[in-house]
Amino acid sequence: MNTNDSADAVEPTVTDILFECPQCGKSLEIDARGAGYLIVCPDCHNEIQVPAWNAEHGSEAPSEDERHRVEIEEMLGQLQAKIARLEHQQRLDDQCIKRIGDELVLIQAALDRITEVVETRNPAS
Ligand SMILES: [Zn+2]
């Protein structure tokens, strides 16, 4: 019996991502560390996003990312609730509230990026 039928895909160059520019279709090759980054296509000069290195690694543990994202979202929600409560109690002066608001904007931006990363790693599910 041949139960060990693992399709052992030949890994090309582990350190490179091969993909096509969605704008002009040019074949591009970029270091794996560039995954998710925005680059300018050398051919059509459009800004394009380097896809995640998904073949083997994208499906590996997306749930962990998702879990982290949910965790962060929960923390953010708790923070916002706390701040709202404190604002009501007027225990924070304006400057303090403003500073916390600035930090929240940063957290929100980070969250957006995390969401983007997670969605890039799980295209159509
Ligand atoms: Zn292009």
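This is a short tour of a predicted model, moving from the whole chain to single elements.

Start with the whole protein, coloured by secondary structure. Three helices and four strands are assigned. Read from the N terminus, their order is β-β-β-β-α-α-α. Of the 125 residues, 4% are buried. Among contacts with a separation of 6 or more, 38% join residues 24 or more positions apart.

The mean for the protein is 76, and 74% of the residues reach 70 or more. By element, β3 has the highest mean pLDDT, at 92, while helix α1 (residues 54–57) has the lowest, at 50.

Where pLDDT is low, the predicted coordinates should not be read in detail.

Go to the loop between β3 (38–40) and β4 (47–49) and pick H45. Its phi is positive, about 65°, although H45 is not a glycine. Is this residue buried or exposed? H45 counts as exposed because 10 other C-beta atoms lie within 10 Å, and the cut-off for exposed is 12 or fewer.

Finish with helix α3, residues 94–121. From first C-alpha to last, its 28 residues reach 41 Å, close to the 40 Å expected at 1.5 Å a residue. How many of the 28 residues in α3 are buried? The count is one, so α3 is hardly covered.

How values were computed:
Residues numbered from 1 in each chain as written. Predicted model: local features only at pLDDT ≥ 70, side-chain atom pairs only at ≥ 80, totals over all residues. Helix = DSSP H or I, 4+ residues; strand = E, 2+ residues; numbered from the N terminus. Buried ≥ 20, exposed ≤ 12 C-beta atoms within 10 Å, placed from the backbone. Contact = placed C-beta atoms within 7 Å. Expected span 1.5 Å × (residues − 1). pLDDT = per-residue confidence, 0-100.
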